[in-house]
Amino acid sequence: MNLAGRRILLVVSGSIAAYKALELARLLGKDGADVTGLLTAGGEKFVTQHALAAITGRPVARDLWGEADSHSLHIELARAHDLVLVAPASADLMAKAAHGLADDLASTVLLATTLPVLWAPAMNPTMWAHPATMANLASLRSRGAIFVGPAEGAMAEAESGAGRLVEPAEIVAAVTAHFAAGPLHGRHALVTSGPTIEPIDPVRFISNRSSGRQGFAIAAALAALGARVTCVSGPVFLAEPPGVEVVRIETARQMLAACEAALPADIGLFAAAVADWRPAEAAARKQKKADMQAALALAENPDILASIGRHRDRPRLVIGFAAETHDVVRHAEEKRVRKGADWIIANDVSGDVMGGAENLVHIVTEGGVETWPRLAKDEVARRLARRIAVHIA
Ligand code: C5P
């Protein structure tokens with residue numbers, strides 16, 4: 001089960017080799033992957049949606065303009081997976097993706113996604129060797145696309161040369177190699193991110209200004225190193241990080257429940273700005289102005305970091321955050337011990353860090369303190385992910 005929990009969007013485009021996509025979907029499923037099929041109009045000439053749905057156990061995506069309530073189907077598909085696998089990939093679909101065309105569901109998903117894309121081309125050898133296709137190949141590769149094949153051999157039209165779809169088992173091997181490449185392959189990371197919101201009544205709530213930017217960046221950086229990442233996020237206005245399973249919650253208590261449900265994990269990283277207090281009782285009806293003071297009696301929320309830091313299924317590495325305006329390192333060390341964390345990422349928020357693009361952090365561990373230079377938040381995330389990978393190895 002090398003691919004357990006990996007969510008793969010299998011795009012099947014128009015080629016006689018499309019019949020092999022059914023075997024490919026079966027093999028991916030056998031290795032534990034969750035496969036969703038997407039058929040182009042050309043793909044449907046060779047494979048039916050019913051066959052693909054029966055093998056994947058999921059409805060097949062086919063139409064950009066399909067259901068009235070799925071106007072953003074292409075965005076959902078582009079985000080809710082770990083990998084886009086195009087097999088077989090036609091010359092036409094490669095050309096569309098290379099040029100950024102988006103006139104059907106498959107090409108629109110390819111334009112909308114930031115996920116890794118693995119292409120398994122299949123076409124007539126003359127079409128493959130054509131300078132236009134070669135230029136498209138080079139262009140897609142330069143943007144990070146991964147290619148497997150095509151193979152050489154006898155073709156449907158009694159021609160031979162490079163153009164055959166590589167065998168399904170080889171495509172599965174390429175998918176497995178892709179996921180195995182990162183140092184965090186086989187690890188599960190739990191990341192909290194964003195604010196929580198705590199209802200006062202059906203229309204009002206208590207919350208904070210957390211954007212979720214640093215948490216999403218860390219989730220993406222861990223996924224990029226091969227980890228399976230579950231990110232429990234409060235309401236934020238950001239695109240979901242590629243290759244990450246995002247669990248949306250609102251309150252601190254929901255966040256704790258979602259974190260406990262996501263265990264076991266190897267790494268727990270708690271970047272959320274959890275509301276420390278909630279209205280003791282959320283009113284079922286909108287409160288009148290005069291009743292507001294009573295409605296604001298507060299109860300303390302659970303501390304999620306501390307709860308998971310002392311959980312019987314505690315992740316091997318537990319990391320908390322601390323924003324401080326003075327005595328940053330001393331407070332962080334005290335917090336590390338009190339909350340059962342291994343590391344605290346402490347930052348001085350007395351300047352312009354809050355809501356800004358850069359961050360200056362201290363990594364406070366049992367072994368001492370490491371201070372990093374002022375860096376972009378994305379770079380902080382990448383460095384942190386690499387440090388985690390070295391520690392967990
Ligand atoms: O105590 P303080 O809020 O400064 O601690 C910050 C750290 O604790 C962060 O990692 C934050 O995500 C976590 N935390 C939590 N649950 C709370 C409060 C804070 O997980 N209720």
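**A loop residue and its surroundings**

Mentor: Setting aside the neighbours within four places in sequence, D201 is in contact with A283, R285, K286 and Q287, where contact means heavy atoms within 4.5 Å. The model is predicted, with residues numbered from 1 along each chain as its sequence is written, and local features need pLDDT of at least 70, while side-chain atom pairs count only at pLDDT 80 or more. Totals for chains, interfaces and linings use all residues, and side-chain values use heavy atoms, with hydrogens and water left out.

D201 sits in the loop between β9 (198–199) and β10 (205–206). Strands here are DSSP runs of E with at least two residues, helices are runs of H or I with at least four, and both are numbered from the N terminus. The relative accessible area of D201 is 3%, so the residue is buried. Buried means under 20% relative accessible area, exposed means over 50%, and partly exposed lies in between, with a 1.4 Å probe and protein chains only.

The side chain of D201 has two partners to look at. A polar contact of 2.5 Å joins it to the side chain of R204. A polar contact is a pair of N or O atoms within 3.5 Å; within protein, one must be able to donate a hydrogen and the other to accept it, and residues adjacent in sequence count only if both atoms are side-chain atoms.

Two threonines can be read in the same way. T251 is found in the loop between β12 (244–248) and α11 (252–262). Its relative accessibility is 13%, so T251 counts as buried. The side chain of T251 reaches the backbone nitrogen of Q254 at 3.1 Å. Apart from its neighbours within four places in sequence, T251 is in contact with T196, I197, E198 and P199. P195 is 56 residues away from T251 along the chain, yet their C-alpha atoms are separated by 8.7 Å.

T365 belongs to a strand, β19 (residues 361–365). With a relative accessible area of 14%, T365 is buried. A polar atom of the T365 side chain lies 3.1 Å from the backbone nitrogen of G367. Beyond four places in sequence, the contacts of T365 are E333, R336, D342, W343 and R387.

Next comes a whole strand, β8 (188–193). All 6 of the 6 residues of β8 are buried. H188, L190 and T192 are on one side of β8 and A189, V191 and S193 on the other, and both faces are covered. Parallel to β8 and joined to it over 6 bridges is strand β11 (residues 228–233); two strands pair if DSSP finds at least two bridges between them. In β11, V232 stands opposite T192. Strand β13 (residues 267–270) also runs parallel to β8, with 4 bridges joining them. There, I267 in β13 is the bridge partner of A189.

Elsewhere in the chain, 5 strands form an open sheet with parallel pairing, in the order β2-β1-β3-β4-β5. β2 (34–39) and β5 (146–147) are at the edges with a single partner strand each, so one side of each has no neighbour in the sheet. Helix α3 (residues 49–56) packs on the sheet, where it touches β1 (7–12) and β2. Within the sheet, β3 (residues 83–89) and β4 (residues 117–121) run parallel and are joined by 4 bridges. The bridge partner of A89 is P121 in β4. Another helix, α5 (residues 91–99), lies across β1, β3, β4 and β5.

Last, the protein as a whole. The protein has 15 helices and 21 strands. Its C-alpha trace spans about 80 × 50 × 40 Å along its principal axes. Of the 393 residues, 50% are buried. Among contacts with a separation of 6 or more, 67% are between residues 24 or more positions apart.

Definitions and conventions: Axes fitted to C-alpha atoms, helices over the stretch in contact; angles between N-to-C directions.
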